[in-house]
Amino acid sequence: MTGAPAQHAALTQKLGVDIDPELLVLALTHRSFAYENGGIAHNERLEFLGDTILGQAVTVHLYTSHPELDEGALAKRRASVVSTVALAEVARGIGLGEYIRLGRGEDRTGGRDKDSILADATEAILGAVYLSAGPEAASALVLRLVEPLLADPDRYGAAIDPKTSLQELAARLGMEAPVYTVDSTGPDHDRTFTATVSVGDASCTGTGTSKKQAEMAGALALWHELSARA
């Protein structure tokens, strides 16, 4: 991510909303980049704001769109849509990773495709939109971004507990149980985990800052692949 205006324009066009250029740069600045560049501001405050906007927009939408669901069912659906895994899926759909400003070390270890970094940047973007264009524009963007998740109820369980959902899907398809292998790279204080998940002849990988997160990301990716086959 170079901060070039042309790249900013490409991203805002994908998002369909105008964002203050300085706020957009801030939303895309990961703390690793900030620390390597003299401790400049990074996106965690905007992420904090965006998390609230995301939760409110999804909650209101689910409440008004599903009068037949009780509190527990609504909470389950909300949790799946605002989860780190789900937000990372949204971020990949708009190619957000290529725009994030990362430190050299984080970039070398695959930070542009880490679920946590992608999810945090997505929330920071929502915070920037709120400050640039107001609450209605921010809520509208939330619903546009998560629409595929809201429209596919089968994803709810998979996004919340991908490992269980993958195991259940494999059983329904008459396939063997999933097998997980995990590798890690980087120093002890900043390790990146990569999980390879296999079911029969199908396999996918996932990355994360913990073994559990990597396995969940890989399981969700393979769940989507096997669901498409089915």
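**Reading the model**

Analyst: Let us start with charge. The protein chain carries 20 positive and 31 negative side chains, and the centres of these two sets lie 3 Å apart. Here Lys and Arg count as positive and Asp and Glu as negative, while His and the chain ends are not counted; each charge is placed at NZ of Lys, CZ of Arg, CG of Asp or CD of Glu. This is a predicted model, in which local features need pLDDT of at least 70 and side-chain atom pairs count only at pLDDT 80 or more, whereas totals for chains, interfaces and linings use all residues. Residues are numbered from 1 along each chain as its sequence is written, and side-chain values use heavy atoms, with hydrogens and water left out.

User: Which radius of gyration does the protein chain have, and what would a compact globule have?

Analyst: The radius is taken over C-alpha atoms, and the globule rule is 2.2 Å times the number of residues to the power 0.38. For 230 residues the rule gives a value near 17 Å, and the protein chain has 18 Å, which agrees. Along its principal axes, the C-alpha trace spans about 55 × 50 × 30 Å.

User: How is the surface described, and what percentage of the residues is buried?

Analyst: Accessible areas come from the Shrake-Rupley method with a 1.4 Å probe, and for residues only the protein chains shown count as cover. The protein chain exposes about 11400 Å², of which carbon and sulfur atoms supply 52%. A residue is called buried under 20% relative accessible area, exposed over 50%, and partly exposed in between (1.4 Å probe, protein chains only). By that criterion, 43% of the 230 residues are buried.

User: How many helices and strands are there in the protein chain?

Analyst: Helices (H or I, at least four residues) and strands (E, at least two) are DSSP runs, numbered from the N terminus. The protein chain has twelve helices and three strands.

User: How do strands β1 and β2 pair, and how many bridges join them?

Analyst: Two strands pair if DSSP finds at least two bridges between them. Strand β1 (residues 179-185) pairs with β2 in the antiparallel sense, over seven bridges; Val182 has Ala195 in β2 as its bridge partner. The two strands form a hairpin with six residues between them, and Gly186 in the turn has a positive phi of about 95°.

User: What joins β2 to β3?

Analyst: Strand β2 (residues 192-199) runs antiparallel to β3, with seven bridges joining the two. Phe193 is bridged to Gly208 in β3, and Val199 to Ala202 in β3. This hairpin has two residues between its strands, and Gly200 in the turn has a positive phi of about 60°. Five of the seven residues of β3 (residues 202-208) are buried, so this strand is largely enclosed by the rest of the structure.

User: Is Ser116 buried or exposed?

Analyst: Ser116 counts as buried, at 17% relative accessibility. This residue lies in helix α8 (residues 115-133) and, leaving aside neighbours within four places in sequence, is in contact with Thr84, Thr209 and Gln213.

Note on methods:
Contact means heavy atoms within 4.5 Å.
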